[in-house]
Amino acid sequence: MSASQSAVRSRAEAVKVSRTFDWMILFTLFFVVLGGYHIHYMLTGGDWDFWTDWKDRRLWVTVAPIVSITFPAAVQACLWYRYRLPFGAVVCVLGLLLGEWVNRYLNFWGWTYFPVNFCFPSNLIPGAIVLDGILLLSGSMTLTAVLGGLAWGLLFYPGNWPIIAPLHVPVEYNGMMMTLADLQGYNYVRTGTPEYIRMVEKGTLRTFGKDVAPVSAFFSGFVSIIIYFLWHFFGRWFASTAFVSSENI
Amino acid sequence: MKLLKDKVAKLSFVALLAATSASMLYTPTAAAHGEKSQAAFMRMRTIHWFDLNWSKEEVKVNDTMTLSGKFYVFSGWPETVDKPEVAFLNVGEPGAVFIRQGSWIGGQLVPRSASLELGETYEFKVLLKARRPGDWHIHAMMNVQGGGPIIGPGKWTTITGSMKDFVNPVTTLTGETIDLETYNLENTYFWHALWYALGLAWLAYWVRKPMFIPRSIAIESGKSNTLITATDKKVGMAFTAGTIAIVAMAMASTNEKYPITTPLQAGLLRNMKTFEMPAPTVTVKVEDATYRVPGRAMQMTLKITNNGDSAVRLGEFNTASVRFLDSAVLEDTTGYPDDLLAEDGLTVSDNSPLAPGQTRTVQVTASDAAWEVYRLADLIYDPDSRFAGLLFFFDEAGKRQMVTVDAPLIPVFI
């Protein structure tokens, strides 16, 4: 067979090869994204995502969406521009969460004995589905950045509240009031995660009184819009193909 | 030749697999916490731990033990570490092998950070409940904001029994008694599984159709509009609206189920009660101090004046949790960890009782392998090569007084 001849001899064979290629690419994409996104999220979100006593109503709500919209934006841009496939955000988050769960179960629980109910990861899937949905329905990266980025920030806290609310039930402990999450952090000793790092509610301006989480979520959504724009350019750049003229070789 | 090459390649591959598997499966227990690698000046010139007591050496799962003692916040705190204005009393242990049921400084519970004063002594206690069987090195520890963890002495403690029996019951302010070890676990798994399934469903909808090559060809040939169908948009609408609806409903039902919740608690405790040590009547001036590298010994020339009304003798030099004792004056009966105790490590050129009103200049030598083992000799490579420690003098009635020393240290290499 010469180089100019096709590798397949029938349409059925071409379809079969194409599907095999689909699965190979998807498999590779899933695990490459899992690794890269996981490292990125561990380094930038870090402890805010590791422990229940760090999942607060101010900084966690702000930090986690901002640092986590990065890979979904880039992969969405790549898959949309090249293939019109609107599952970039979901495939990223599914990969991240699989990696996170393996990490939390094998490392946090298996090696260092922290109970899983203390170190489970944050849930990012609602934001990812909506981000992909908006891209599909609008067909516009700009609208996805503005509406999807905002939704990503706004959905984060309510998407996690059913999981963390039981840990915000108060308890009286040796004459002090804590939440159950605080008590987990106090009971299950971490040598490198002292209590003072969690002191984030500083400042006297409380226009919205005790409703801190919605304000943080809106702020997070606004910044997520900017981060989406920035990272979708990375995705576009990564998805671009540059041909070199044979004369220049 | 080819056969031989194939065999070598095959055997190499098997060896590589075996080595990889062995290295993955061999996970020995982490026994200590890098305390020896912490800069010597940080251990010598920040928090001085003394009178430490580990109430038990062997504990059953669910039983408790206490780690108690005192710490002196060194007045000559180094500039390279932030002052302990925000500090957290911690425990150094390999994972949550014990849970911390309570910790107190000066009798006050300290689940939060505390502000400590330089030059003051504090009494502390940590109540620990055994959770994971094994032999564990349990340290006193202080985290200082801007400084990091400052680790104190550690002692091997054995936990017996089975972790399966461990329970951590807590009664909430809403009247419910729960086991914090497993509480909320099913709820966590349920929500994560549900959302993961929804994510997979979204992915499955798209991957059931041809993906990369045909779609790429379509876009290249200007037919990108044909790739998203009306059904796709309806499905996208359903997923988007459904997601928002599930989030809203789940939030509402959670608020109904848990009407009383509070934000995470954090804060700083000030005005911690200090421990009043007897006022020292002995004054000590360090004339010079050298560290003899080949002999693993530190030598100080001290000018000691006794301003009290009873003769005194030097019994102990304590630095970086290593205790150098003159056994003729003091013997340890507290079960202090052997590796941190030099029972005859302190030599004084003239340690006869120093009478009231008398001044004497003596050569004090603190020698032990601990200088090397605990890497205290590395002090000579620190950015501020000073040593510091506590001297304990004893009068004729056995009363103890504590004097601090803090001076430059000159290494001697020959």
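1. Confidence in chain A. The mean pLDDT of chain A is 92, and 94% of its residues reach 70 or more; pLDDT is the predictor's confidence in each residue, on a scale from 0 to 100. This is a predicted model, in which local features need pLDDT of at least 70 and side-chain atom pairs count only at pLDDT 80 or more, whereas totals for chains, interfaces and linings use all residues. Residues are numbered from 1 along each chain as its sequence is written, while chains are lettered from A and ligands numbered from 1 in the order in which they are written. Among the elements of chain A, helix 7 of chain A has the highest mean pLDDT (98) and helix 2 (residues 47-50) of chain A the lowest (88).

2. Confidence in chain B and in the whole model. For chain B the mean pLDDT is 91, with 97% of its residues at 70 or more. The model scores ipTM 0.94 and pTM 0.89.

3. Architecture of chain A. Chain A contains 10 helices and two strands; helices (H or I, at least four residues) and strands (E, at least two) are DSSP runs, numbered from the N terminus. Read along the sequence, the pattern is α-α-α-α-α-α-α-α-β-β-α-α. The C-alpha trace of chain A spans about 85 × 40 × 35 Å along its principal axes. Of the 249 residues of chain A, 51% count as buried, that is, 20 or more other C-beta atoms, placed from the backbone, lie within 10 Å of the residue's own.

4. Helix 9 of chain A. How many of the eight residues of helix 9 (residues 180-187) of chain A are buried? Eight of the eight are, so helix 9 of chain A is largely enclosed by the rest of the structure. Among them are A:Leu180, A:Asp182 and A:Tyr186. Within chain A, these buried residues pack against helix 6 (116-119), strand 1 (170-173) and strand 2 (176-179). On chain B, they pack against strand 5 (98-105) and strand 11 (169-171).

5. The interface. 74 residues of chain A are in contact with 79 residues of chain B, a contact being two residues whose C-beta atoms, placed from the backbone, lie within 7 Å. Helix 7 (residues 125-138) of chain A supplies the largest share of the side of chain A that touches chain B, namely 10 residues. That side divides into 48 nonpolar, 14 polar and 12 charged residues; Ala, Val, Leu, Ile, Met, Phe, Trp, Tyr, Cys and Pro count as nonpolar, Asp, Glu, Lys and Arg as charged, and the others, Gly among them, as polar.

6. Domains of chain B. Chain B is divided into domain 1 (35-166), domain 2 (185-257) and domain 3 (282-412), with bounds that come from an automatic or database domain assignment. The C-alpha centres of domain 1 and domain 2 of chain B lie 49 Å apart.

7. A sheet in chain B. Five strands of chain B form an open sheet in the order 19-20-15-14-23, with mixed pairing; two strands pair if DSSP finds at least two bridges between them. The edge strands, each pairing on one side only, are strand 19 (346-348) and strand 23 (410-412) of chain B. Strand 19 of chain B runs antiparallel to strand 20 (residues 359-367) of chain B, and three bridges join them. In this pairing, B:Thr347 stands opposite B:Thr365.

8. Strand 16 of chain B. Seven of the eight residues of strand 16 (residues 312-319) of chain B are buried, so this strand is largely enclosed by the rest of the structure. Six bridges join strand 16 of chain B to the antiparallel strand 21 (residues 386-395) of chain B, where B:Phe393 stands opposite B:Leu314. Strand 16 and strand 17 of chain B form a hairpin with two residues between them.

Methods: Buried ≥ 20, exposed ≤ 12 C-beta atoms within 10 Å, placed from the backbone.
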